[in-house]
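The sequence and the structure are shown first.

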Amino acid sequence: YSIAKNISDRTGIEFSIISQEEAAAMHANWGGSPGMYDSVNKKAYLVEGLFDASTAVHEIFGHPFLDSLKETEEGKRILSDLLSEAKLNSQVLESTINRYGEDVSDDEITLAALDLFIQEKVASNSGLYNAIKAYFKA
């Protein structure tokens, strides 16, 4: 919870912790995901008993970050490059298709690549993860 609160406080993105029943009621095709992001209302939802620190980063930081890239032509170009790179990674494609089905969104593919990158940095205890961890120190 504390990392979610810290990210929320620093980004201004609201979040709520919801039950699995609430998640299923909110999204007909919920499928057991540990979190969701409402880009219209700019609010993240973390599912009680399923979310972890990675989910908080993904939902409260990742989705709003991608939304911000969509606001400028340069950001759109960066987002396109990130997506192209993500699609070259078979592990990213496989995991997103397994989780979201064949009609997975480009945002989820891009964020799956970011999630994988952060997980690798966590395992090696270096790089971007330490920078993010220091910024959002729980």
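## The largest pocket

On a 1 Å grid over the protein atoms alone, a pocket is an open set of points where a 1.4 Å probe fits, with protein on both sides within 12 Å along at least five of seven lines, and its lining residues have an atom within 4 Å of a point. Grid points are joined across faces, edges and corners, and a volume is the space filled by probe spheres set on the points. By these terms the largest pocket holds about 570 Å³ of space.

The model is a predicted one, in which local features need pLDDT of at least 70 and side-chain atom pairs count only at pLDDT 80 or more, while totals for chains, interfaces and linings use all residues. Residues are numbered from 1 along each chain as its sequence is written, and side-chain values use heavy atoms, with hydrogens and water left out.

## Lining of the pocket

The lining of the largest pocket consists of 21 residues, and those that lie nearest its centre are His 27, Asn 29, Met 36, Tyr 100 and Glu 108. Two or more lining residues come from each of strand E2 (35–38), helix H3 (53–69), helix H5 (90–100) and helix H6 (106–124), and E2 gives the largest share, four residues. Helices (H or I, at least four residues) and strands (E, at least two) are DSSP runs, numbered from the N terminus.

Seven residues of the lining are nonpolar, eight polar and six charged, where Ala, Val, Leu, Ile, Met, Phe, Trp, Tyr, Cys and Pro count as nonpolar, Asp, Glu, Lys and Arg as charged, and the others, Gly among them, as polar.

## Fold and burial

The protein chain has seven helices and three strands, which follow the order α-β-α-β-β-α-α-α-α-α from the N terminus on. Of its 138 residues, 36% count as buried; buried means under 20% relative accessible area, exposed over 50%, and partly exposed in between, with a 1.4 Å probe and protein chains only.

## Individual residues

Ile 13, in the loop between helix H1 (2–11) and strand E1 (14–18), is buried because its relative accessible area is 8%. The C-alpha atoms of Ile 13 and Glu 59 are separated by 9.5 Å, although these residues are 46 apart along the chain.

Lys 42 lies in the loop between E2 and strand E3 (43–47) and is partly exposed, at 40% relative accessibility. Its phi is near 55°, a positive value in a residue other than glycine, whereas most residues other than glycine have a negative phi.
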